[in-house]
There are 2 protein chains.
Amino acid sequence: MSNKSFKLENINDIKRVFDSIDTFIFDCDGVIWRANNLIKGVKEALTLMKKNNKRTIFVTNNSTKTREEYFKKFSSFDLPIDINDIFSSAYSTAYYLRNVLDFPKDKRVYVLGTQGLIKEIEDVGVNAFGYEDNITEPFASEEDIFNEVKPDDSVGAVVVGFDMKVNYKKYSKAYTYITSNPDCHFLVTNSDITYPVQNFVLPEAGSVVAPLIAAVKNKEPVFLGKPTANMINCISQKFNLDLKRACMVGDRLDTDMVFGKNNNITTLLVLTGVTSEEALLNQDKIIPDYYIEGLNSFNQIQ
Amino acid sequence: MSNKSFKLENINDIKRVFDSIDTFIFDCDGVIWRANNLIKGVKEALTLMKKNNKRTIFVTNNSTKTREEYFKKFSSFDLPIDINDIFSSAYSTAYYLRNVLDFPKDKRVYVLGTQGLIKEIEDVGVNAFGYEDNITEPFASEEDIFNEVKPDDSVGAVVVGFDMKVNYKKYSKAYTYITSNPDCHFLVTNSDITYPVQNFVLPEAGSVVAPLIAAVKNKEPVFLGKPTANMINCISQKFNLDLKRACMVGDRLDTDMVFGKNNNITTLLVLTGVTSEEALLNQDKIIPDYYIEGLNSFNQIQ
């Protein structure tokens, strides 16, 4: 492995790499759009890829929205993509339950997360519940807990995602289900600790699940989003991919590029997001295979 | 240090240890009472200690009640104690804010915890707030966060205790106060991960605070309850104790006895709680200086 990332700038190099890849896996923010603005040349680059029979897949660790809701954003930019090309950590979790765990029809999943996450899980034919615990009245006494929180063998998995409506009722139920039933799976959509939003940083799913990780002593959680192998395995299995001919495209070294490198797929950093060329070259911890100004650079090929 | 705990059973040994101690620090459950039943001989033993000018101090990691509420339980058993002899992790936290940090009059403490914890803090003359965030309507959107969660330099400390009414509003506010103000203290009443209640085990303060510990990268929390030195320092400072002549009395090896040993005070295990003589002798990790059937054994002295 080289200790320097190779810059794709002349058309021969760009074409050579383009030809060596069948599947491009994209992070969205900083690659496709920045907040609500489409990045220059993206529509043309995606169209070029489609014309050349490349598969394009879009991954996000946001577990709160359904793929349908995400698809609306792509549609608003008139991008040539299919809803099945979208892989969120919520869908990845649903896919894992259905196809990897072969989740039993007579069991239920307790979801500490949004309605979007529950919908993704139900859409693959798995029974999910938990939204009713977005209570408007928090527990007032231990009696309330005893009345409502009970072991339940019908709960075969607890799934935790980002949740602005998290409360102690959810924590105590999730804790009780996980610890009282040795076969109960403990899944987390994604391990991100915080997320930036406008000028804020706020706790994300990796923080929301922390009380359960602290309290549950006999079981480790399974994470489904980037940068885990579970995410790439779900994608690979669903599309029957040859990962040797796949490329992870992203703007962040510590998430997207680590995701690609951990899973032994080609990595391409774009400079249209948070990482500058200077920042890339002034570190030697994470060396993407290639870097490029932006997706627009592919449009030289035609 | 001996690798075997010494059993106090004959009157000469009991009297020798009794005479070497000025201050007995008691854990309550398993020592004074079991749930709502007073343990045999406790009233007489405490009366004997008072008669011999021993100081008796009662410590609990429960942060949810005020000392006044705790005192009612002692009074119901007609025990000869003073409200100032009670040291809960809530009071310890209040004491630390007032006497160790010398918390400024013009600053406020954001409390993620119960009304009892807030009252203890206010009772030492420190401004506390947060109870109003026991909202009946959880956040519905990120807009709600932006409208309500803002950095606030008047917040000089965030205190986290056990809280059945925890929610994302509290987490996001606590996170924002701690991270936006470098001088903001980050205190936790006690580090207990779970607590047993009836036939249940549920997440305690150490779990409730876990999202903040995960998300806050630039600051470590300070814990105030057992088994920290902060708890013993607060007790020692308030009563001006000679710790060489103090003894921690408890029924648990991994909390009470560790608390005493970590802080270099004499340790005495009673067999009226969770630890049996067999369990004590069949391990060699935590060796209390002494062990005794129960407080009733002291009544041989007269």
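How many residues of chain B are in contact with chain A, and how many of chain A with chain B? In this predicted model, 40 residues of chain B meet 40 residues of chain A. The two chains together bury about 3,400 Å², and 71% of that area lies on carbon and sulfur atoms. On the chain B side, B:Phe146, B:Met164 and B:Tyr168 contribute 22% of the area buried against chain A, more than any other three residues.

Polar contact is found for two residue pairs, with both residues of each pair at pLDDT 80 or more.

The largest nonpolar core comprises 64 residues, and it has members from both chains: A:Val158, A:Tyr168, A:Leu212, B:Val158, B:Tyr168 and B:Leu212 are the residues with the most contacts inside it. Around B:Val158, leaving aside residues up to four places away in sequence, the contacts are B:Tyr110, B:Ala174, B:Tyr177, B:Ile178, B:Cys184, B:His185, B:Phe186 and B:Leu187.

Within chain A, the domain assignment gives two parts. Domain 1 is made of two segments, 6-61 and 227-300, while domain 2 covers 103-223. Taken over C-alpha atoms, the centres of the two domains of chain A are 32 Å apart. Four residues from domain 1 of chain A and six residues from domain 2 of chain A form the contact.

Where is the area that domain 1 of chain A buries against domain 2 of chain A supplied? A:Asn61, A:Thr228 and A:Asn230 provide 79% of it, more than any other three residues. By class, the side of domain 1 that touches domain 2 in chain A holds one nonpolar residue, three polar residues and no charged residues. In total, the two domains of chain A bury about 360 Å² between them, of which 39% is on carbon and sulfur atoms. The count of salt bridges between these domains is zero, whereas three residue pairs are in polar contact across their interface, both residues at pLDDT 80 or more.

Key. Residues are numbered from 1 along each chain as its sequence is written. Chains are lettered from A and ligands numbered from 1 in the order in which they are written. This is a predicted model: local features need pLDDT of at least 70, side-chain atom pairs count only at pLDDT 80 or more; totals for chains, interfaces and linings use all residues. Side-chain values use heavy atoms; hydrogens and water are left out. Domain bounds come from an automatic or database domain assignment. Contact means heavy atoms within 4.5 Å. Buried area is the accessible area (1.4 Å probe) that two parts lose on being put together, summed over both. A salt bridge is a side-chain nitrogen of Lys or Arg within 4 Å of a carboxyl oxygen of Asp or Glu. A polar contact is a pair of N or O atoms within 3.5 Å; within protein, one must be able to donate a hydrogen and the other to accept it, and residues adjacent in sequence count only if both atoms are side-chain atoms. Ala, Val, Leu, Ile, Met, Phe, Trp, Tyr, Cys and Pro count as nonpolar, Asp, Glu, Lys and Arg as charged, and the others, Gly among them, as polar. A nonpolar core is a set of buried Ala, Val, Leu, Ile, Met, Phe, Trp, Tyr and Cys residues joined through side-chain atoms within 4.5 Å. Buried means under 20% relative accessible area, exposed over 50%, partly exposed in between (1.4 Å probe, protein chains only).
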